[in-house]
Amino acid sequence: MSQNQDSSVSHRSFAWRVFHFLGTMELAITLLITLAVASVIGTVLQQNQPYPDYLIKFGPYWFEVFEKLGLYDVYSAIWFLAILALLVISTSVCVFRHAPSMFKDMFNLRTNVQLKSLRSMHHRSEWEVPQAQSQTVESLQSTLSSNGYRTRITDKNGSFLVSAMRGGMNRLGYILTHVAIIVICVGGLFDSNLPLKLAEWQGRIHVETRNLPLPQIPKESRLPVGPQAFRGSVSIPEGRAASVAYLAMRDGYLVQNLPFTIEVKEFRIEHYPTGQPKSFESDLVIHDPDLKKPLEATIAVNHPLIYKGYAIYQASFGDGGSELTLKAWPLFSEKGEPVSLQTKVFDTQQMLWGDKEMQLEITDFRPFNINPDPTEDNPQNVRNFGPSVGFKLRQPTGEALEYQNYMNPVERDGRYFYLSGVRSSPADEFAYLYIPADDNDGLEGFYHFLKQLHDKNAVKNAAEEMKQATLASLQTTDDDVLAQSLQKTLETLVEMFNRGGFREVSDFIEKTLPESERDALAPAYLAMLREMLGRIYFSGLDLQQGETVEQSQILFLQDAIDAIGTLPRYGSPVFLQLTDYHQIQSTGLQIAHAPGKSIVYLGCAFLIAGVFLLFYLPQRRFWAWVTEKEGKSQIYLAGMTNRNPREFDSYFEDIKAKLQSESRNSD
């Protein structure tokens, strides 16, 4: 019996210690600081971005570390929600423990105070007046009441105590601020994705990681219409509609069904003179069976549409499947001719160019490209480089190169070039191919020269002419062996240049020539190659006898040779030129449903009221002890406050002066 009783007392003692620990200020402050640090992380580190972006930014090791810590979605991480829930419990225990005494203190005038306590207070005074005790007590009570104090007179065995208090609602401020923390945290928990995590643990939902069309997304990755909170996004082209939103979840997404359909009637965007976006807005039509007629509204940045508790924000814009006309210029075939093809942004086509089969994926179209002006040293000077198309060429093995081709030629060093950027990974910068534009700002001149280089007859004729000129200068026209060797060498140099550019020619020289002769003969080989390229180019210009070569033609030849020399690293059998387009824009909407928002607003109202009561309504108390001595009244005055004691110094003197004046002047 005794052991059971001791065990019960010990168990109750441990539970009581835990209960008191949960209500300590130290625990609450620790939790608040932890939440503050986590919120800083969530603000600095952009949340809910695609995982490949984080992998590129942090690398494999730190990506795994941050992913396990839940830093990519801090506000929905289990540890963050656990801290939030613990803060609610801690604050609730604190309110439960202290609220009764706070309420009691709001109305308690502390009439049980003794004279000894009053005389030991910091703010105290005493004086004597020649009035009767009862008259003095009434005068003191009246003066304190006229200054906004609640008063009470207590008989203290022949003496009387006048207790006064003002600002009792200050204690309510303490309660409201603590309740506000509870309410705000509860609202935050209500709007968290904790129910989604629980459903995922139970296997009721599955985060989809594949890029699937909407009809093919499985049921396990779809969320029904309900009271749950979410924040998702959807991109809707002009003239199209959607009734779902996509929720980013780690390395995948979920599809949230909406109780209505959003149709984008029109999307508008304004630009600055430089071409940079100035403002954009969307005309939306809400189709809902609960509406007698569709709801039409225009949304813009910071001007959302609120409907049925769903907030629809104008978040971004993009391409909605613009119709493009491309012209494919073959780069490695002397028989191919440029062809036009019709496509759309986000379309995928299987293409056969020569003997190469590749998949063309149109990824983007931009009517404006605002970039630093390369002709100026100041990077702040930007200009519009015009429309561009982004696409990928994917090999049958799955490897892909990403391209960005500009529609209009771009000026560089006083000459104009067609630009094509290429990279193998989003983490890399674009490396650009510069194809010189001809006198008509077209690609025909470059393509004609390229075809000549792949024309065996043109190469053979140029080699024959150069061979004869070389042998004549050496006066060895009868040496057939030298003539054949020189002819073959010249044709081989052009063939290697077409196949691998200057790099392959340099590798050939390094492997063929002895090291002792390499430095002396390598420049000769390169000089022969450049002369061959020049002869082939000028042979295609049909120059009349005696006609001089212009400087612009020489510069074009140099630029064309440089461009052709980099084609083996370009990775594409064709150059895709954007020739025409019909832009179809898409509006990016962010849709948020936050049923806990009203709870958070209520908590904020509590917090504002509580802070106001705490800081601007201090609790002040006065006690006046009145004793009668030889027909006179002896007054002992004391006062205290719970805020701003220095300010209370002068306030105490003012009240004391009023009490002294009234008590001495009373009849």
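Trainee: In which sense do β19 and strand β21 pair, and over how many bridges?
Mentor: β19 and strand β21 (residues 415–423) pair in the antiparallel sense, over four bridges. Two strands count as paired if DSSP finds at least two bridges between them. One of the facing positions is Q404, which stands opposite G421 in β21. The model is a predicted one, in which local features need pLDDT of at least 70 and side-chain atom pairs count only at pLDDT 80 or more, while totals for chains, interfaces and linings use all residues. Residues are numbered from 1 along each chain as its sequence is written, and side-chain values use heavy atoms, with hydrogens and water left out.

Trainee: What makes β18 and β19 a hairpin, and which residue lies in the turn?
Mentor: Strand β18 (residues 388–394) and β19 pair in the antiparallel sense over seven bridges, and five residues lie between them. G398 in the turn has a positive phi of about 105 degrees. L393 has L401 in β19 as its bridge partner. Strands here, like helices, are DSSP runs numbered from the N terminus (strands E, at least two residues; helices H or I, at least four).

Trainee: Why is strand β19 called mostly covered?
Mentor: Buried means under 20% relative accessible area, exposed over 50%, and partly exposed in between, with a 1.4 Å probe and protein chains only. Five of the seven residues of β19 (residues 400–406) are buried, and the strand is therefore described as mostly covered.

Trainee: Which strands form the open sheet, and in what order?
Mentor: Five strands form it in the order β1-β26-β25-β3-β2, with antiparallel pairing. β1 (123–129) and β2 (150–156) stand at the edges; each has a single partner strand, so one side of each lacks a neighbour in the sheet. Neighbouring strands are turned by 15 degrees against each other on average, direction ignored. Within the sheet, seven bridges join β3 (residues 159–166) to β25 (residues 620–629), and A164 stands opposite F622 in β25.

Trainee: Which helices pack on this sheet, and at what angles?
Mentor: Helix α6 (residues 133–146) touches β1, β2, β3, β25 and β26 (632–641), and its direction makes about 165 degrees with that of β25. Helix α15 (residues 645–665) touches β1, β3, β25 and β26, at about 10 degrees to the direction of β1. Axes are lines fitted to C-alpha atoms, for helices over the stretch in contact, and the angles run from 0 to 180 degrees between N-to-C directions.

Trainee: Why is Q487 called buried, and what does it contact?
Mentor: Q487, in helix α11, has 10% relative accessibility and therefore counts as buried. Its contacts beyond four places in sequence are K460, A463, E464 and K467.

Trainee: How many aromatic pairs are there, and why is that of F230 and Y310 called tilted?
Mentor: The search of the whole structure finds 38 aromatic pairs. The ring centres of F230 and Y310 are 6.0 Å apart and the planes stand at 50 degrees, so the pair is tilted. Rings of Phe, Tyr and Trp (its six-membered ring) pair if their centres lie within 6.5 Å; planes under 30 degrees apart count as stacked, over 60 as edge-to-face and the rest as tilted. F230 lies in strand β5 (residues 230–237) and Y310 in strand β11 (residues 310–319), 80 residues apart. F230 is buried at 8%, and Y310 is buried at 4%.

Notes. Contact = heavy atoms within 4.5 Å.
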